[in-house]
Amino acid sequence: MNVPPALPRRYVVTPEPASASDADCATFLEHLSAVLARGEMLVQLRIKSFDEEAFFRIAQHALARCDAAGATLLLNGKIADAALASLPRAGRHLDGTALHAATRRPLPAGRLVCAACHTLDDLRRAERIGVDFVTLSPVLPTLSHPGAPTLGWERFATLAAQVAVPVYALGGMTRAHLDDARRHHAYGIAGIRDFW
């Protein structure tokens, strides 16, 4: 397995801010600072509800906080290529739509790229375009998708063992699941609720 240098075992996925207002974004960023102060070193800024301008604005502030903490930020939201290029230390998290639209790695080596995967086809596509790591989900039941089918640990392990990129278990994870995840071919764990 080709693991990028110093890739943390936990991947924090942010929830959506309450709104794009200055006050709600300030509250969100203060919470991000608390997460970073706790020692988290890999963060996905996942905000699907903001337009490009609002996402870029909060991404700039989030990146400054991550840089100050020595953490890595990956962006998952509406952002133009030029705007992404102007945030040179930010990585990119490809959701399912972006992964299936990609024909090549969207960033140069040295800037982390992750892809959200749910199937073996997704995993192989992500590997082909040269991502640095992937999330594979949902492993366990989640509060955000009650009743949705899950992979379970055995299916997760079967899928994760078939690719050479680091795989993070996502879906129903708590920080206490890290050992279970690693026993099932996961490099690490990712999540929102217990991680934020």
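Student: Before we look at any one residue of this predicted model, which cut-offs separate buried, partly exposed and exposed?

Tutor: A residue is called buried when its relative accessible area is under 20%, exposed when that value is over 50%, and partly exposed in between. Take glutamine 44, which lies in strand 2: its relative accessibility is 3%, so glutamine 44 counts as buried.

Student: What does the side chain of glutamine 44 make a polar contact with, and which residues is glutamine 44 in contact with once its neighbours within four places in sequence are left aside?

Tutor: The polar contact is with the side chain of tyrosine 11, at 3.3 Å. Leaving aside those sequence neighbours, the contacts of glutamine 44 are Tyr11, Val12, Val13, Thr14, Leu74, Asn76 and His93.

Student: How should I read the nonpolar side chains, and how many residues does the largest nonpolar core have?

Tutor: In soluble globular proteins, nonpolar side chains tend to be buried together. Here the largest nonpolar core has 57 residues, and those with the most contacts inside it are Leu45, Leu75, Val134, Phe156 and Ala169. Helix 2, residues 52-69, gives the most to this core, contributing seven residues.

Student: What span does helix 2 reach from its first C-alpha to its last, and what is found at its start and after it?

Tutor: With 18 residues, helix 2 reaches 25 Å from its first C-alpha to its last, which is close to the 26 Å expected at 1.5 Å a residue. At its start, a side-chain oxygen of aspartate 51 comes to within 3.2 Å of the backbone nitrogen of glutamate 53. Helix 2 is followed by glycine 70, which has a positive phi, near 75 degrees.

Student: Turning to the strands, which way do the residues of strand 5 point, and are they buried or exposed?

Tutor: From strand 5 (residues 113-117), Val113, Ala115 and Cys117 point one way while Cys114 and Ala116 point the other way, and all are buried. Since five of the five residues are buried, strand 5 is largely enclosed by the rest of the structure. Strand 4 (residues 91-94) pairs with strand 5 in the parallel sense over three bridges, and leucine 94 stands opposite alanine 115.

Student: Which strands are joined to strand 8?

Tutor: Strand 1 (residues 10-13) runs parallel to strand 8, joined to it by three bridges, with tyrosine 11 standing opposite alanine 190. Strand 7 (residues 167-170) also pairs with strand 8 in the parallel sense over three bridges, and there alanine 169 stands opposite isoleucine 189. Within strand 8 (residues 188-191), Gly188 and Ala190 point one way and Ile189 and Gly191 the other way, all of them buried.

Student: How do I read backbone angles, and where is a cis peptide bond?

Tutor: Most residues other than glycine have a negative phi, and most peptide bonds are trans. In this model a cis peptide bond joins serine 137 and proline 138, with omega about -10 degrees; proline 138 has its place in the loop between strand 6 (133-136) and helix 6 (152-160). Histidine 185, a residue other than glycine, has a positive phi near 70 degrees. Histidine 185 is found in the loop between helix 7 (178-183) and strand 8, and at 45% relative accessibility it counts as partly exposed.

How values were computed. Residues numbered from 1 in each chain as written. Predicted model: local features only at pLDDT ≥ 70, side-chain atom pairs only at ≥ 80, totals over all residues. Heavy atoms only, no water. Core = buried A, V, L, I, M, F, W, Y, C linked by side-chain atoms within 4.5 Å. Buried < 20%, exposed > 50% of the residue type's maximum accessible area, 1.4 Å probe, protein only. Helix = DSSP H or I, 4+ residues; strand = E, 2+ residues; numbered from the N terminus. Expected span 1.5 Å × (residues − 1). Polar contact = N/O pair within 3.5 Å; in protein donor to acceptor, adjacent residues only side chain to side chain. Pairing = 2+ DSSP bridges. Contact = heavy atoms within 4.5 Å.
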